[in-house]
Structures are given as C-alpha cells and as structure tokens.
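Let's take a walk through this structure together. Have a look at the chains first, and then read on.

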Amino acid sequence: MPDTKLPARPSPEVSDEVRHTTCYMCACRCGINVHLKNGRVKYIEGNRDHPVNRGVLCAKGSAGIMQHYSPARLRKPLKRTGPRGSGEFQEISWDEAYDLAAEWLEPLRKDPEKLAFFTGRDQSQSFTSWWAQAFGTPNYAAHGGFCSVNMAAAGIYTMGGAFWEFGQPDWDRTKLFMIFGVAEDHDSNPIKMGLGKLKARGAKVIGVNPIRTGYNAIADEWVGITPGTDGLFILALVHELMRAGQVDLDYLCRYTNAGFLVNCDEGSEDYGLFLRDEDDKPQVIDRATGAPAAYDAKGVKPSLTADHDADGTPYRPVFALMAELYLEDRWSPDAVAERCGIPAERIRAIAAELARVAFEEEITLDIPWTDWKGERHEQMIGRPVSFHAMRGISAHSNGFQTCRALHLLQILLGSVEVPGGFRFKPPYPKPPEAHPRPHGMAKPGLPMPGPHLGYPLGPEHLLIKPDGSAKRIDKAYTWENPLSAHGMMHMVISNAHAGDPYKIDTLFLYMANMAWNSSMNTSRVIDMLTDKGEDGDYVIPHIIYSDAYSSEMVAYADLILPDTTYLERHDCISLLDRPICEADAAADAIRWPVVEPDRDVKGFQTALIELGVKLRLPGFVDEDGQAIYRDYADYMVNHERRPGVGPLAGWRDPDGSGQGRGKPNPEQLDRYIENGGFWVHHIPEDAQFYKPWNAGYQDWAVKTGLFDAPQPYVFNLWLEPLAKFQRAARGHGASQPPEHLRERVLRTMTPLPTWYAPFEDEGEGVDEYPLHALTQRPMHMYHSWGSQNAWLRQITNANKLYVPGEVWEREGFSEGDWAWLSSPHGRIRVPVARMDALNPHTVWTWNAIGKKPGAWALSDNAPEMREGFLLNHLINELLPPKGDGRRWSNSDPVTGQAAWFDLRVKIERAPEGGPAEPHFEPAKSPVGKGPERLAYGEKFK
Amino acid sequence: MTALPQSTDRKLGLVIDLDTCVGCHACVINCKEWNTSGTGAPLSDQEPYGDTPMGTFLNRIHTFEVEVEASPAQMVHFPKSCLHCDDAPCVTVCPTGASYKRSEDGIVLVNEDDCIGCGLCAWACPYGARELDQEAGVMKKCTLCVDRIYNENLPEEDRVPACVRTCPAGARHFGDLGDPSSAVSQLVAERGGMDLMPEQGTKPVNKYLPPRLRDRSMSGGKSLESKGDSPKGLLSWIDRALEAL
C-alpha cells in the first residue's frame, strides 16, 4: 500500500498576495497579514513585525474571515418604514440618506445642543470629536464612561498615565506581577504575550479577581476578593508597607509630591491646598536648610516629615499626612480581612512578598541618564514589581479612589517608570495639566471653542449653566461627577428621554449597541427609544445610527448609515487618539481597504466627512463651499491638528523623512502600506525609563511632536484638584456644589486615596440582595463587534449563571436548573451552573452572549436567544429612588463611570427549561438570515 | 486493518504548557482558519447561524475546574488535538489504510480519498481527537500542519503548525520529541512533561506540561516587621532613613 497520497514534504502555494493591515476584531489593534486568493480572503495571521502582537493572533483575529463575510453585514443605507423596533426598513441611496440626515441636522446648527453624537467602540475619536466640535454640539463622547474612565482618570490625575494604552509592565524584567480586576480583557494579546514571558522564566503572577478564569486561572496566587473591596485590600497593603517603612524614600522625595506642604488649618479657606511661593511653585522643606523651597529647585531635598508654620497657618508634608491616615487601624489586614474575603495573614504575606521583590531583588541597568534638574545618574535602578488593572476595579462607585489607591501602591514601591516596573507608552506620561480642559458650547452656529472632553483642575472647569443645570446632555462635568473625563454615554438615552437637563432632537450613534448589551437596564432603554409623547411623536424624535452589521440597535434607528468591515476601510490608529505605542517606541498604524466592499457601504468616517461637507461645517469646506477632504484617507494624510502634526506621525514631509513632525506627504499611506501598515520610532536607550523626569525623554518627545515644550512633573500622591472641589463643598468660591451633594463631595473626593462602600452596598434593603453579580466577556469575544461570528459562536452561544458552591447547595440547585435572579431593579430567569473557583458571595455570567431575536442574521430560535441572557436588565443607570425626587446616577461620584459591578442580587430556583426571560418577540431582520451550511475554503481547492 | 511503522525517524509533535494556557481559543480558530482551506476537504459548519451550530474542528479547548484540598478550586484550560501516538489505535483499526502514521516524522494522517467515513478510528481514539466532517463524510484530524512545516512558500520561521505560530501566550511548542537534545524535549525534561492517559498504552508523542503549584500564600508566610505603629514613631524612623540616603 502506498505510504501516502500527500507528498512527504507538501509545499502548497499559500496565497496570491499578502496585504498588511490592522485588526479590528477587538480594541487591541494587532497587525495582521491578510492572505488573498482569487480576490478573496483566505487566511489571516498575526504580523511578526508589528509592535503590538509580534506575530501572534487571538481567536477573534483568526475568526476575522467570518466577520468579513458575515451574513449580518448591512448592504445599503436604510430608512425606517415600520415602527421603531420592528426592523422594517427600505433601502435608500446614499444621496437620499444624506438628504434625510441634513433635513434633521441642518436646523440644529442654530440649536446644536439638540444633537447628541456618541460613538461606541470608536477608534477615531480625535476625528469624530473634531466633527462634533465643528457642528458645535457640546454633546459628544465615546464609550469610556461605561468602560474604564475611572482607570484612565485616576491614572492621569495621579501619575500622568494609566494602564493599557497608557503604559505596560516591563514584561522582560518584572519578577512579580499583580493583576487586578482583569478577567480576560484589556488588552488582549499583549497581556497574554506578557504572561507567557513571565511564565517562561518562572516569574510570579498574583491575580486579584472574584472569578478564577482566564488570566486568573494561570495566576500562581489567586486572591478571590469580594467585589468592590479592592481599594480596601490595596490600602491594607499600603498600611503594611508604610508601617514597615518598606517604601522607596529616595523615589518619593525625587519624583512625587510626598514632600509638598499642605495647609492643615481646617478653618482656612485653603485647607488641603499646597503652600506656594510667588511664582505659584509648591513648597517643600529643604532638608539641608530646614526652610521652605520650591519643590523643583536644583539641589533641594525635601523633608517628608517636617511640619511648617507659615504666618500662623500650620502646614504638613503630604507624606506625614499619609502616615497619619494609612497607619490607622481601619486599614489593617485584620480590620479588612472579612469584608474583602481575604485572610489577614494572606494580606500580610502578599505585602511582604511585594516588599521583598521590590527592595531585595532590585535590578540595575548601567545606563547613565540626566534628570530634569540636570543631575546625572550613572544607573537606572529597578523595582521589579509591576501591576495591571482594568474594569473589575474601575466599574464601581468607588472605582476612582480604588484606582488611585493602586497607583499609590505602585509609587510607594518606587516601581513606576523604572526597570522591572510599570512603564508609560508615548504620548504618555502626560500630567493632567498637559491635557485640555473640558469645553461647553460657544454660540449656536459656531464651532466649539475647544475639545469636549478634558481634565478639570477645579470647580471653575465644570460645565454648568448659570442656572445650575448641566451644559451636557449626559451631565458630565457637573457636581454629580466632576471629573467625567470620558463623558457618560450610559446616561444619554435616559436623560434625553427624561428631558433632563433638556430635550434633544437627534441622537446620532456609531458602533454602540445601546439598545442591547451596551446599556444598563436594557428593557427600559428599549422602552425609552420607542416611547412616544402626547403628540404621537417619538420622545427622542430622530435616531441616526451607523454600524457595519445588523446589531440590535439597528432596529431602533430611523436612518442607518452602513459601515464597511474592517478589511474594507481606511483608519488611522493615531497618536492624537488611542495609539499603539510601546514603552520604548512611539508607533501608529493604518487600516486600508485590502479588499473592496461588494455592497453599497461607506466607512463611517468618510460618510461623516461627506455629511460635514453637505452641512458646510467649518474645517470641512473651504470658502467656496468645496470639500477640503475627499474622504477619510485624504483627511488622514492632509489634516494638521497643529502645524506639522497630523493624524499619522510616520513618513511626514514630501520626502518622507519627517518622524512625528513634518508637512503632509501625499505618499504617506503608500509608505505605511510598504512598511506593513504601521510606523515605529524608537526612544533612545537613555530616555526609555524615568520618562516624566528624564531630560532625554522630554527632549525626544518634543522633537517627535508629542508636545511642544518639555513638561516634567511629579506624581500626585496628594491630588490638589480634589482638595479644591472639597473647598467648594465647604462653602468657598464662586462655584459650589448644590446642598444635597456637599457631604458626598467631601466624602468621596479626598485628596489622598480612600475607600468607601459601593453605593449599592449602602442602600436600604441590601440584606435582601446578599450576592454580588458580575459579568465578563470570554477571551474569544472580548471587545469584539459580533459574537454572532460563525466560528466563535460554536465556542460560546449560550451563557449560564455561575453560582458558588455554598449558594448552590444552600438553594438546592442541581445540574440543568434554572433560577430567578432579582435585583432592586428587576428579575430575570436564567440557566445556572455550579462553580467553586469563585468568590463565595458572587455570581457571574458571560456578557453579551444573549441576543435579541431578529438581530445579527441569526435564527430566531438560536441558543443566543433561547438560553443566552443579559445581566443588564438588572442594572439601572439610576440608583433606586431616595424619596427626594432626584434622579441619582448609578455612577462613580468622581468620574461618572457606570457602576456596573456594584450590582447586588438574590437568587431562587425557577421552573426548569427555557427560554431565558425576559424574552423578546423577533424583529424583522433587515438582512435576512444566514446560510444553513458553510464550508469555507472550498473555493480555494 | 492498517499497520504502524516499527519506528519513525523523528517524532514531531506538540508540547502544551498547562501552566501558561489561558484558554483563549486562539489556537482553535487559527487551526480552523488554516486547515479549512488547506489539505483535504474544508472543515464544514452545519447551521452556522442557526439553532444548533456545529462544525468540524481539529483542535478544541476544554476547561476543567479542579478541587484542591485546603486551597481554592482551580481552573485548568486543556487544549486537545491528535497526539500523534506511536501506538496509534486509530491507525490499526482503519479498514482501508486511509489512516496512517508516517515513518519519516511520525505524523498521523488520513488519506481522505481512501476514507470511507466509517468512524472506527474515532471510536478507537481514547482522546476523542478525530471528527467526521458532516459535509464531506471523511474523517478530519490534526495534520500537525504538514502543509506548513515543510512549506517552502512560507518563511522558515513560519514553518510550524498554525496553532503554535498564533498562540499569544507561547503555551504551545513544536519540535522533534524523539531527539533528547531538542528544545521541546528539554522543556519536557525541565518541567516534568506528561503523557495524556498513559494507561491507554498509546504512547502519545505530544506532551503536556503540568500547572505549577498554586496559592502558596494561602498558608500565610513572612510578615513585615513594623518600624513604627504610630505615625510619630514611623516618621522619626523615616527621618533617620532619609539621613542615611
């Protein structure tokens, strides 16, 4: 018998051509090689040269073929013909679509706050916000408000950057890595690659998460913390490290405001603010002279302990106030153990391990560098302890302060911007002062005076009208949530429906499934979208939506602008936006149409440009009314945000020599394509660490166009802007919080990181809802636009509620059971399964598996509809009424981050069998249903 | 019935690190993506958008919860594909000779033209590593990407199975397990690599690296020594420490 019909060493042709672009199956933005055969996509693999993924690719990325050829793709602009939610549409031309949009939007130029333009998984925010600025509406934001703004804002305010896009662990050198509240998510491939490096050399990983899946499953230590108590646990670690003196004193003196003198006179208007000299420089006590001196003066070595009396006003250094606060017994491991669900001796052991690795396993690099004061250092000293955190600690109403506490811990260990620690990625580090302030509307008909979103430094930067009401529809930057740096997308529909603070005319959404898994309180949001007033018109009169797929939100919009797939579009992953830099390099990237659309669709950004031209928005048309940019690709190349600085940093200037700065280069996109779709520019070796204080880095950053002048700064252990908000709450200044918020501002906006119980834990009847309820996305769907993907849905197409063993047994559950799960806001019926690798007070499920019948070209009886469910129905965007007639947002009181993970529930057995409840009647699918069989690849045989 | 080679020149196979695998399914999907348009019939999907979606995969991940005494329960992600056994029962049971093990590198393959879809091999495999494609009616299994590893149309560094090239955590390794000096053999030696279900006597070539010991701090450990339990005591220690800097 012949050995084989296959040759011994088969060597088939793989493809006709490989095109390099950027993945968009999630928010990681990995480089991909798209293999094409006969004009079709045959195979997608990771790009080995790409700085983000170095060749690897996750399940989502590899399933990109199914996303690109999905039957759920929209094909042509749609105009609603049936009632909202029915899914009844007629196809129209793009000209008709623009006419209709202009008919609604044109009149709003005179009243621009009546347009609310919010984008979801948008990766072009510097462009979409620029469009909204040109239109003049103050109502713009992306999805950060319900994602992880606590993480971003706490990081920026504390140390000029946070995790993920802002920075990363020094994966090659760290010896102990601690990861908080990251299930399987942000970011995807880089964390897996990093964990792989740690595992390969046997470094230790500590996972802090109520649920032991994903990254926590491979952690050497799993700390199954009770939700909402991470801040308490972290401050117990701080307590242990402080009382043992296991903090990096030299680092604190040099690089933080630990020595800054704080006004400690409670009767003073400036209580909590720094002592400043005539040049407004914060003062420290110089250890050499014992006298006050500017913190940044050359040779000054601040005392961390010396008190000071300035004309009768007592001042104390920040560090002394920290010692006083964090040595209090309420932060001791014994005091927090029960609430956190972590034994005290384990907290002590983890603190000791952090200190041991940070200080006894110090690493040094013999790389001389010069600091911002001109002092030369012969070595770089590393504390090889690093941290990462994301949604799990931030999506709570105490999330901002919890994230601050984590940064405090990192800084006390001296492990930020040092070898082995946490490293910023350009354009970070960037302190709050270097970010813009938020802007409200100028005058109707005029563009906005500046960007919508920014970082307030005091009450004077809030967006409040003279009558005290909010300038923005989402009430961002009000006393309810003063530092809402990403806006509050989760409040838009609710506020627009309530007419609070005002009514709007048109809701314009992009890639945001607000009628389904991207909203809290999904059933009620559907009601709001379909609710009609007494006049018989919809309460929210017009809804325009852009999406590439037939998502749930499509059925609730009046006009659909069909987007392309990610392989058919131009995009820029820009330094002006959410870049893909690495700790030792600036980088950006493009997407370009590696295949042409076979439908009448347009990349949303190009559609937005064409709509901007039709509306004759400033910046979009010249004096003659002619389009300035032909399409988004033209904008990417020719737009300049500042002279010489545009969306793409690579190959600027006509000869392509410009790195970061330079004139537009008409051949820029060709250079990107030749280089694999990305640009990388390395930081010199002596500028790769200590970036906020490293003169070499600061000069490099200016040269590269990240900023226009060096901006060294120190980390904010004490966050003075918060003291300014507290000052207002004590009755000082022109802008003061309304009476009902004063106590809350004082309690939650403390200048040193603190912990308070999540709001849902404090409400009445909390005992009735004894369990915490969480969601997470599975790795193969995380941040993915479409788990209807034919291959991915075979891995997960129904979700169960995972119930800890103790609760399982107490309630008498057995395999195959169903349960009622209730919160103060509602009740759902769900299938359950037992899980023991789980915090004993917590239930959880996979998010966004449940789908609404009629959506995504799936059958109406698909498992996603039958057994899949959303926990969102149980979460309200508002807290339960307090009887004061006010609508209290279920958000962090500092940043407005949606407090998804505060949810409390109770569970009881339900009759067996599905479907999951609430169950929805099918809508008509605007794209029909998917095929009954698939044998992808048969055309290549 | 079909004969196995007496011995093979090499033993190409995978080493899968269960201490590192996060269960992300990257290998599962990249395998499907490569192989559906690769050697033999496509890996078809039935009802891909319907009520009971079910398709052919050559590699799947199973997740197990493990109870541990005096320690929290653990989760183990367990990727599973053909283990290219030396004593492969799927080969000896094949009535047509379609299933065979190559003498040059030990890869177990199916000659689809000779496969009658009887399913005996799938019954014989104790690991459940073979799937009968519903569309083509032939048996599909991991080929160790035989059309990649020798493929001169690929850059040399890419001549590894698709699952290995794509694995984000680096939990999958490919090499000659018959050569004790190979990187994979050394990894197996260092980390105590194991056979899956050795009692079945299949002598699998693929090896699994077991998870490392977890949760050692559960039993507590060293605590930090206090330098001052009162702010005042601590601050005077800090002063002395700053002097010493």
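**Where two chains meet**

Strand β35 (residues 933-934) of chain A runs antiparallel to β2(B), and 2 bridges join them. At this spot, Arg933(A) stands opposite Gln46(B) in β2(B). Keep in mind as you look that this is a predicted model.

Now step back to the wider meeting of the chains. In total, 82 residues of chain B are in contact with 92 residues of chain A. Several elements of chain B each supply at least two residues of the side that touches chain A, among them α1 (26-36), β2 (45-46), β4 (59-68), β5 (71-81) and α7 (231-244). What kinds of residues make up this side of chain B? They divide into 33 nonpolar, 26 polar and 23 charged.

Next, let's visit another part of chain A. Find strand β24 (residues 542-547) of chain A: 6 of its 6 residues are buried, so the strand is largely enclosed by the rest of the structure. In a regular strand, side chains alternate between the two faces of the sheet. Here, His542(A), Ile544(A) and Ser546(A) point one way from β24(A), while Ile543(A), Tyr545(A) and Asp547(A) point the other way.

Which strands pair with β24(A)? One of them is strand β23 (residues 506-510) of chain A, which pairs with β24(A) in the parallel sense over 5 bridges. Strand β25 (residues 559-562) of chain A also pairs with β24(A) in the parallel sense, over 4 bridges. Tyr545(A) is a handy landmark: Leu509(A) stands opposite Tyr545(A), and in β25(A) the bridge partner of Tyr545(A) is Ile560(A). Finally, β23(A), helix α17 (residues 522-530) of chain A and β24(A) make a right-handed β-α-β unit.

Methods:
Residues are numbered from 1 along each chain as its sequence is written. Chains are lettered from A and ligands numbered from 1 in the order in which they are written. This is a predicted model: local features need pLDDT of at least 70, side-chain atom pairs count only at pLDDT 80 or more; totals for chains, interfaces and linings use all residues. Two residues are in contact if their C-beta atoms, placed from the backbone, lie within 7 Å. Ala, Val, Leu, Ile, Met, Phe, Trp, Tyr, Cys and Pro count as nonpolar, Asp, Glu, Lys and Arg as charged, and the others, Gly among them, as polar. Two strands pair if DSSP finds at least two bridges between them. A residue is buried if 20 or more other C-beta atoms lie within 10 Å of its own, exposed if 12 or fewer, and partly exposed in between; C-beta atoms are placed from the backbone. A crossover is right-handed if, with the strands pointing away from the viewer, the path from the first strand over the helix to the second runs clockwise.
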